[in-house]
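Hi everyone, thanks for coming.

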Amino acid sequence: MLEYQIQMEIVSYIKNNLPFLEVIFIKNETKGGVKEKSLAVKMGLKIGCPDLLLTAPKRNIMFLEVKKKGEKPRKSQREAQEDFRRQGFYVAWADNFGDSKKIILEWCKTFIDDISLQSDEEVLV
């Protein structure tokens, strides 16, 4: 499964099962040369920023980097993840949907006292 396909599965799962979350795709690539990349950085591009930003009530924020199976974050991605961790954000990466789902649910448990899985497809809060 390709990275974008995993991301789409994650977004669909969140929209259908975790309606208290917002999920935002962060397009963090530039096509073109040095000039285009320099302009993008001036416009706010953070090199290596994770693919997905998840928000929940009461200022709970998570960054999730998605890789295709067997891949790991590049150096710039690891550095960006560490920057966000130092700021106190929950940051993770995964290379498949199952691990992504587990990570997201574990994050939810940090701010929701009673979250339990009724079934594989429905979360009760």
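I'll start with the sheet, then move to the helices that go with it.

A quick word on the ground rules: this is a predicted model, where local features need pLDDT of at least 70, side-chain atom pairs count only at pLDDT 80 or more, and totals for chains, interfaces and linings use all residues. Residues are numbered from 1 along each chain as its sequence is written, and side-chain values use heavy atoms, leaving out hydrogens and water.

Helices (H or I, at least four residues) and strands (E, at least two) are DSSP runs, numbered from the N terminus. Two strands pair if DSSP finds at least two bridges between them.

So, what is the order of the strands? It is 1-2-3-4, in an open sheet of four strands with mixed pairing. Strand 1 (22–25) and strand 4 (90–94) are the edges, each pairing on one side only. Ignoring direction, neighbouring strands are turned by 20° against each other on average; angles here run from 0 to 180 degrees between N-to-C directions, with axes fitted to C-alpha atoms, for helices over the stretch in contact.

Strand 2 (residues 52–56) and strand 3 (residues 60–66) are antiparallel, with five bridges. Contact means heavy atoms within 4.5 Å.

Strand 3 and strand 4, by comparison, run parallel and are joined by five bridges. Look for V66, which stands opposite A94 in strand 4. Helix 3 (residues 75–86) lies across both strand 3 and strand 4, at about 155° to strand 4.

Finally, the axes of helix 1 (residues 3–17) and helix 4 (residues 97–109) come within 10 Å and cross at roughly 40°. The contact includes I6 and Y13 of helix 1, and F97 and L105 of helix 4.
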